[in-house]
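Here is a short briefing on one protein model. Take a look at the structure, then read on.

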Amino acid sequence: PQPTRLADYTPFSFEIDSVELTFTLHPTATRVRSKIAFRPNPAATDPTFFLHGEGLNLISAHIDGTPVTPRVTDTGLICAVPDAPFTWEAEVQINPQANTALEGLYMSNGMYCTQCEAEGFRKITYYPDRPDVMAPFTVHIDSDLPVKLSNGNADGDTWHDPWPKPAYLFALVAGDLVAHSDTFTTASGADVALNIWVRPGDEDKCAYAMDALKRSMRWDETEYGREYDLSVFNIVAVDDFNMGAMENKGLNIFNSKYVLASPETATDRDYAFIEAIVAHEYFHNWTGNRITCRDWFQLCLKEGLTVFRDQQFSGDMRSAPVERIGNVLQLRARQFREDAGPLAHNVRPESYIEINNFYTATVYEKGAEVIGMLRTYLGADLYRAGCELYFNRHDGQACTIEDWLACFEEVAATDLSQFKRWYSQAGTPKVSASWRRDGDTLHLSLSQEVPPTPGQPMKEPAKIPVVLGLLAGDGTEILPSTLMDLDSPNLDLVFDLKDLGGGTAPDHVVPSLLRGFSAPVVLDAALSAQDRALLLAHDTDPFNRWEAARSLLREVLVAEITGQGTSPEQVARRDMVLSALQDFCTDESLDPAFIALVLTFPSEDDLTQAVVDAGLVPDPLIIAQVRDGRMAAVGDGLKDILTRYYLDLDPGPDYTPDADSAGKRALRNTALMLLSTPQDLALARAQFADATNMTDQLAALSVLIKGDDREAAQAFEAQWREDRLVMDKWFMISVASAPASEALQVAQDLSRHTLFDWKNPNRFRSLLGGLIANPAAFHDPSGAGYAFVADWLIKMDGANPQTAARMSTAFETWRRYDADRQALMLEALDRIATAPGLSRDLGEMVSRMRG
Ligand code: DPP
Ligand code: ZN
């Protein structure tokens with residue numbers, strides 16, 4: 001297949017004044033009639049009338065009422081048309097029941113639903129399926145089903161959306177659904193009907209999503225001045241969905257796992273995701289829908305910005321530092337991993353074969369970091385002013401990153417051309433710091449290096465905002481957070497310590513660099529363990545307190561993993577880290593959620609990368625063993641305080657999902673994990689037996705599965721068999737938490753379980769994701785873990801290429817491992833590459849990973 005390139009963009013030959021669609025729904029033979037008013041586009045350079053269309057059975061086509069016979073290919077049709085306004089009418093037939101790819105119109109548990117982003121509308125009817133063609137839509141739905149929904153406002157079974165939109169925001173739902181309803185009054189006093197549509201029986205699990213929706217609507221008004229713009233806002237929960245959720249205008253469609261919640265069935269983490277994703281999709285109404293993307297290369301224009309907005313929202317609703325740490329953990333786990341391997345790409349890619357493969361951590365999460373850096377450079381007021389200008393200037397348009405940046409250049413009277421490299425250079429910059437003391441003067445040198453990535457051997461210096469502070473040896477802050485601009489390979493800073501120390505230069509000074517993780521870079525701060533312990537104890541920046549603890553733990557673990565754990569120096573280091581954690585825990589003023597993060601060990605994947613960064617070859621089994629052993633040792637060393645947390649923080653039987661209660665449960669369950677060993681499961685057994693909410697039940701279950709307590713897993717299964725979303729958790733945890741020696745067998749057994757409905761993406765991701773999340777099992781030296789995943793990817797690819805392609809990133813780190821494992825991983829990739837009927841989606845991923 002030929003790649004699509006950013007450089008080749010040309011506008012469509014026609015503009016559209018209106019679209020009218022009539023659906024006559026039938027499971028295997030749905031008819032779609034379209035009536036579209038086209039008008040020549042004065043900006044077009046090529047007059048060809050090409051409409052996308054895939055898998056459509058064309059029944060008839062007319063231009064201005066006269067039958068025409070277009071030339072139909074696999075990807076669309078071409079037709080001779082007047083060089084003047086005309087009306088196009090077509091009728092096609094499609095088969096929703098047979099649509100297992102879940103793109104276009106498909107069926108999920110008896111209901112009809114759609115997913116059109118990025119290029120699904122072309123599976124519904126012939127259309128210029130590209131985001132820069134925007135039009136108002138009117139939709140008629142003919143069906144006996146009781147509930148029929150589309151975008152915009154309703155008049156009987158006809159829906160009209162007055163706001164011009166691209167086809168990827170089209171949506172249709174029909175089914176036997178019930179609504180959880182509410183209302184919202186906008187700041188200007190307009191009433192909006194709110195509905196969350198679910199299958200009968202689920203209506204009592206919608207309250208939290210509704211509450212999150214109303215808070216999101218208010219927040220967007222106060223923080224960005226954005227109001228809702230239709231008289232109804234509908235959300236529908238569906239069980240079979242490729243992504244998390246979709247921001248279709250006025251009719252958001254959600255994966256049911258991000259809507260439905262009750263204390264008994266959803267964890268605190270689920271609640272937090274529901275809040276964030278409801279907000280994210282709602283915020284798209286302005287950043288994505290009212291202003292959309294000119295082409296798919298600009299995906300980060302809406303996604304990076306909207307992720308940034310949902311992160312701000314969650315930070316405002318919960319604890320901002322705790323949210324920030326969580327976001328950075330995700331960024332490092334997914335985006336840094338992507339950026340360091342064969343799939344590295346720009347925040348704004350320059351070419352793709354299948355756009356679905358670019359809904360990535362780089363476009364989303366690094367894209368959000370770029371917005372955060374822009375705000376850091378400009379400050380809150382100019383950032384808000386730039387957003388205001390963007391909304392005013394570009395409302396109703398399909399835009400580019402250039403349009404976005406120009407608004408900020410204008411309000412701030414600044415040149416962002418170097419900043420723009422964040423969009424066009426892949427790879428995670430590495431920042432190194434060094435310093436020396438010269439009497440009362442501190443010389444601090446920062447340097448940066450952007451590593452080569454596929455197709456980009458040479459890089460220009462990035463513009464990196466480094467927020468830093470200075471602490472004296474007694475823990476007092478002598479320089480509060482200050483923004484430094486690392487915009488060249490090196491930056492030398494000079495501080496007068498006498499001045500900063502109020503007349504006396506402190507004996508010892510510790511820099512606190514990259515506060516709040518002010519840029520998505522890898523920092524080598526070259527701090528001694530003692531200095532990091534000092535930051536853990538005293539830094540005013542919560543992020544860097546956490547970072548200090550994390551790097552101390554990581555260092556101890558890596559030493560042990562690489563066989564240096566028994567040296568006297570390392571033994572002393574471990575004692576020192578333990579007592580630093582102990583001291584930290586005595587601070588009564590700390591938020592339990594924050595303590596829980598400090599006490600959470602780096603993941604096996606994080607440690608694998610740390611071993612690679614140390615120039616060594618990782619052994620996943622040793623990494624898992626050392627990590628478990630060290631957790632038990634820390635649990636033992638902190639036994640008193642952990643036990644106290646466990647006893648004192650019990651929030652009681654009345655579950656509430658707020659951040660404070662969730663934080664207490666998080667710390668309590670972190671304590672449980674550290675205090676438990678396979679030899680001592682009493683506490684976990686008691687918690688499992690007594691739990692009244694899913695957070696506590698699942699935390700206990702994870703410990704028990706790790707301790708090889710199969711009865712607990714069976715009891716959980718018996719209790720929750722009927723609940724799809726809870727069973728997804730069970731599939732996942734049964735493999736992810738299983739002892740490495742057994743996880744693969746468990747995965748194989750579960751793939752034959754009667755409830756393993758593999759075509760359901762959530763279920764598939766639970767089982768496969770569970771194995772991938774257990775690196776010691778996935779990377780079993782026999783290669784059986786790779787073979788198992790490869791077999792399932794090939795099978796899934798035949799039904800749902802998008803879901804198969806996403807999961808294939810399990811192999812992106814193959815270069816990290818020893819020669820034997822590399823050969824086995826490549827063998828698995830090659831087997832996928834040569835599978836008959838391989839999709840464009842999975843084919844592109846495999847060939848990029850293969851390199
Ligand atoms: N539904 C996906 C999201 O909201 C793609 N737009 O990010
Ligand atoms: Zn989004």
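This model is predicted. Begin with an open sheet of 5 strands, ordered 17-18-19-21-20, in which the pairing is mixed. Strand 17 (178-185) and strand 20 are the edge strands, each with a single partner strand, so one side of each has no neighbour in the sheet.

**The sheet and its helix**

- Helix 1 (residues 207-224) packs on this sheet.
- Helix 1 touches strand 17, strand 18 (191-198) and strand 19.
- The direction of helix 1 makes about 25° with that of strand 17.
- Strands of a sheet pair through backbone hydrogen bonds, either parallel or antiparallel.
- Strand 19 (residues 232-238) and strand 21 (residues 251-255) run parallel, joined by 5 bridges.
- Val238 has Asn255, in strand 21, as its bridge partner.

**Around ligand 1**

- Which residues surround ligand 1? They are Glu117, Met243, Ala245, Met246, Glu247, His280, Glu281, His284 and Glu303.
- The shell around ligand 1 is made up of 3 nonpolar, 2 polar and 4 charged residues.
- Strand 20 (245-246) supplies at least two residues of this shell, and so does helix 2 (268-283).

**A domain from the record**

- An unreviewed UniProt entry places the feature "domain: Peptidase M1 alanyl aminopeptidase Ig-like fold" at residues 427-525.
- Over residues 427-525, the chain is 52% strand and 4% helix.
- The end C-alpha atoms of residues 427-525 are 19 Å apart.

Technical notes
Residues are numbered from 1 along each chain as its sequence is written. Chains are lettered from A and ligands numbered from 1 in the order in which they are written. This is a predicted model: local features need pLDDT of at least 70, side-chain atom pairs count only at pLDDT 80 or more; totals for chains, interfaces and linings use all residues. A residue is near a molecule or strand if its C-beta atom, placed from the backbone, lies within 6 Å of it. Ala, Val, Leu, Ile, Met, Phe, Trp, Tyr, Cys and Pro count as nonpolar, Asp, Glu, Lys and Arg as charged, and the others, Gly among them, as polar. Two strands pair if DSSP finds at least two bridges between them. Two residues are in contact if their C-beta atoms, placed from the backbone, lie within 7 Å. Axes are lines fitted to C-alpha atoms, for helices over the stretch in contact, and angles run from 0 to 180 degrees between N-to-C directions. UniProt positions are given in the numbering used here, feature names are shortened, and annotations may be inferred rather than shown by experiment.
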